[in-house]
Amino acid sequence: MRRCVRQQFRQPRKLFIKKILLLNLATALLFAICLNASARDYSPPPIDITGKVTDEKGEPVPGASVFIAGTTKGTTTNSAGEFVINVPDRNVRLEISNVGFQTKTIQVGSGANITVALVKSVAGLDDVVVVGYGRVRKRDLTGSVSSVSSRDITSYPAPGALLALQGKTTGVQVLQNSGAPGAPVTVRIRGANSLLGNNEPLYVVDGFPLTSDPNAINPNDIQSIEILKDASATAIYGSRGANGVVLITTKTGRVGRSEVTFDSYYAIQKVTKTIELMNAKQFAEIANERAANDGVPAYFTPEQVNAFGEGTNWQKQLFRTAPMQNHAINVAGGNENTQYSVSGSFLKQDGIIAGSALQRGSLRANLSQKLSEKIRLSYNAIMTNTDLSQIDINGQKGGTTLSAVLVAPPTIAPFDANGNYSNVRAYAFSPNELRNPLAISTQRRQKANTRYILAGTAVNYELVKDLVLRSSIGIESVGTREDIYSTRLLDNTPTGSAAIGFINLMNILNENTLTLNKKINEDHSINALAGFTYQDNRVKTAGTGSVTGFLTDQFQTNNLSAGTVFGTPSSNSSRWSLISYLGRVNYSFKNTYLFTASIRADGSSRFGQGNKWGYFPSAAFAWRTINEGFMKNQNFMSDLKFRASWGVTGNTAIDPYQTLNTLTTYNAVFGDTRYVGYAPNNNSLANPALKWETTIQTNAGVDVSVLRDRLSLSFDFYNKDTRDLLASIQLPTSAGYSNTLSNVGRIRNTGFELALNGMIVDTRAVKWSMGVNFTRNKSKAIKLAGGSDVFGVAIPQPLSVSVNLVREGLPVGVFYGFLENGLDANGAIKYQDLTGDGAITNADRTIIGDPNPDFIYNLNSRTSFKNFELNFSFQGVQGNDIFNVNKTAVANSFYFGENQLKDVYENRWTPSKPDPTAKYPKISTRTVFSASDRFVEDGSFLRLRNVQLGYNIQASKLGVRWIKNFQLYVSGQNLLTVTKYSWYDPEINTRGGSNSFSNGIDNAGYPNAKTYTVGARMTL
């Protein structure tokens, strides 16, 4: 009974509590609404402020940032320089900034529409330039540093970061070794310093020194590229700074609203020219003429000769129109605590020859997070997957695609009656190595897949005011698998041939630096850096060896066990490490007198005991004369600065273990059994006394800007003296070794650089700016081992000699051979007897050319008229020679039975017309060719590198406010080349490489293409 009463009273109590809670909640809600209404009644409403940002002449400034001072709330101006921003009240201050202008802060005040005029920064001197382990204002630079902006890097379609540098700055020569997709690029900064070592500059991406080239990085991801040229700028990188340093900075986020950028283009590539060769009828006539001159029966009957006609143009069969496309997207933004930039890109480039192609996809992230008032964490990562399909290059007598397309008989069709590839080695005089060029390009597949990762994280900790500790760790990982398969359709691989190779690289870097930035009153400014770094590099390679004996081509390299004959597998491993201590001090007095001093100590595992450490100091001084009192009353100059620097840099120049005696495997047969043993490697005797190649460089320069920055000039003169040059010394046979390495050489590079930039027209309707740069470098071998000549790589038959030479007192890599002296009575080549002994011997060889240019120059122009933009750039090289190895095949008087130039047919020596001044000797197998000036041609050229016409669509006027910038453009690359060089392209360097001085050789190189492009750029 009592329990029932409790239950009766319990239910009403629960309802009562619920009612009380609901009533309290309703009361609180009502109070909040009333309070909020009251607050609205007494708080001023937000205001929309409209405005326009212009320059000093009233021209609109698009893309300027407009922020509420002290906050992350802001916007950017449209293409007309207009903006709209919502502010809480009229007392706030707006901060307006843009690259190339001084930042300006204004108060909103009573106006609803405001106009802000920004003042240009003189010569961009307030722009920040990236240098080794830091940043500095351009006005405070003491060394020779060139900067290339992201706008210039993406000014024309370039599949790689290095190609984007062509023609952009002084002192830098960029050589495209081949026109093939993904082909390596040679970069020389102020000449080459080494014969055996790497002559490529050091590439540093976001502070990480790479051991590979940076072509895996999409140009759209790059914010800027700085080139450090003189020793005061490069000595902070010590043993790796002798060849210059290229600093690549990828895009980062910045405070402001998120910005999405799209860049997309589609291009068509075509071969620039073809070589005029003999047709089928002319080929048959020349073959019969050789037979007659050699006293053998004719190869073709008169009826066959007359029936041949034009025959097959193998170049038209091989070269194709190839597409290229690139698509990139970037999202960037952030607030005071977090900034981010994330991007993705896709590039696909088909080559103008079947079997060659490049496909690359990449992802990149750059994040920065403020953890506290003193600590900031940053992270960046680049991940790239590249698929590269290659054809074989160089070669001779038709064994490779590009040599075969020139020498294949035009009398034979590409395919036989059954649709199979024709046998182009159909005649008794045909070269043994000759293959059908279409078959080689399509039936020999050489594909490489590379997965590239570059990632790093860093912590910046402000220990006390102006003193920051930075610790970072990064990793570079490269994994490559190369698959090569030749099908059974090729007559030299009738059972198929497969091979797989692997390369894995792991590069780990730890850096720890302490940076002090201190300003003492208004006169003194100090920036000091001290640091310790450790780098460890490991490389492993492996190869399966060649596998043959396949019953079908279906498996290719996907099932090597399907073969029946297996080659010998191989593997290798190497490792090196580098420990470094570094320090640098920058001091400025009254922003007029600037001093820089640095030193780096590098300890390398590559060298022997007693020589592991190298020390690399530098010093520089700059005088900003424009700040002196006697310059204040003049209005002609807006900037004047004199610079001088001196420093020591190095080059490791050797591979790991070259200071140690090594063992190699040898096969020995005892009885009927083969045994594998080990013995000393007799190719090279170890030299534990090896040390760094050391380059001492001095630089003097001046920077001038006049007419309120309408015209600016920068001039540098330098002298680079490389000592302790590593050279290979031949040993007597009795030593048991063929050669040894020793520090006995010396090379000198001297030159000057001139950059001139001007704003020619600067009106409201038209703007026209132009830049010209000029570089002259001269190299000279001062000393070599025992005064002996050093020869480059050998070229193939029929010459089979080295044509590049390094000799004391001469430029590096000059061409060496015979001088011709017309033809004799029998139509044979006569060579000049320089020794006067009545015989032609090797002693009669002399210098016949120089692949080093006298100077290089570039011209860049940018014009805008209302919404139109017209940009073009010219690239020029003057005074260099090219050794045209191709002529040893197609201008060798039918020596090997190869097709010949049409010029040979028209200008040859014949028994009926025995002209001693004829251009080509007698058609005969007995006609002998030697390396001579016959094959040396003038390689000078002037090229229209790029021309682009763009139209900027003002989306805001169309009512589309979410589009910030939108540009459509059409462009062309390599459309015009003025040159005397007879072959495909004067921009060729088929034997070039990072550690090669065999430059200026064209040996069946892949030609560059002319490209037509249509694209769009859009920013949201």
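Q: Why is Val 812 called buried?
A: A residue is called buried when its relative accessible area is under 20%, exposed when that area is over 50%, and partly exposed in between, with a 1.4 Å probe and protein chains only. The relative accessible area of Val 812 is 9%, which is under 20%, so the residue counts as buried. The structure is a predicted model, in which local features need pLDDT of at least 70 and side-chain atom pairs count only at pLDDT 80 or more, while totals for chains, interfaces and linings use all residues. Residues are numbered from 1 along each chain as its sequence is written, and side-chain values use heavy atoms, with hydrogens and water left out.

Q: Where is Val 812 found, and what does Val 812 touch?
A: Val 812 is found in the loop between strand S40 (804-806) and strand S41 (814-817), where helices (H or I, at least four residues) and strands (E, at least two) are DSSP runs numbered from the N terminus. Contact means heavy atoms within 4.5 Å, and, not counting residues up to four places away in sequence, Val 812 touches Leu 195, Ile 747, Ser 779, Leu 805, Val 806, Asn 852 and Phe 997.

Q: What makes Asn 884 buried?
A: Its relative accessible area is 0%, and because this is under 20%, Asn 884 is buried. Asn 884 has its place in strand S47 and, leaving out residues up to four places away in sequence, touches Phe 935, Glu 937, Tyr 981, Ser 982, Trp 983 and Asp 1002.

Q: Why does Asp 881 have no salt bridge with Lys 778?
A: A salt bridge is a side-chain nitrogen of Lys or Arg within 4 Å of a carboxyl oxygen of Asp or Glu. The nearest side chain of opposite charge to Asp 881 is that of Lys 778, at 9.7 Å, and this distance is not within 4 Å, so Asp 881, although buried, has no salt bridge. Asp 881 also lies in strand S47 (residues 881-884), and its contacts beyond four places in sequence include Phe 815, Asp 850, Glu 937 and Gly 1000.

Q: How do you know that Arg 190 and Glu 753 meet in a salt bridge?
A: The N to O distance between the two side chains is 2.7 Å, and because this is within 4 Å, the pair counts as a salt bridge. The pair links distant parts of the chain, with Arg 190 in the loop between strand S12 (185-189) and strand S13 (202-205), and Glu 753 in strand S37 (residues 739-762), 563 residues apart. Both residues are buried. In the chain the count comes to 39 salt bridges.

Q: What makes Arg 746 and Asp 721 a salt bridge?
A: The closest N and O atoms of the two residues are 2.7 Å apart, which is within 4 Å, so the pair meets the rule. Because Arg 746 lies in strand S37 and Asp 721 in strand S36 (residues 711-730), the pair ties together parts that are 25 residues apart in sequence. Salt bridges that share partners join Asp 721, Arg 723, Arg 746 and Arg 748 into one network. Arg 746 is partly exposed at 25% relative accessible area, whereas Asp 721, at 5%, counts as buried.

Q: What makes a set of residues a nonpolar core, and which residues have the most contacts inside the largest one?
A: A nonpolar core is a set of buried Ala, Val, Leu, Ile, Met, Phe, Trp, Tyr and Cys residues joined through side-chain atoms within 4.5 Å. The largest has 45 residues, and those with the most contacts inside it are Ile 352, Ile 353, Leu 406, Val 890, Leu 901 and Trp 983. Among the helices that each supply at least two residues of this core are helix H4 (280-294) and helix H7 (401-407), and H7 gives the largest share, 5 residues.

Definitions and conventions:
Lys, Arg positive; Asp, Glu negative; His and termini not counted.
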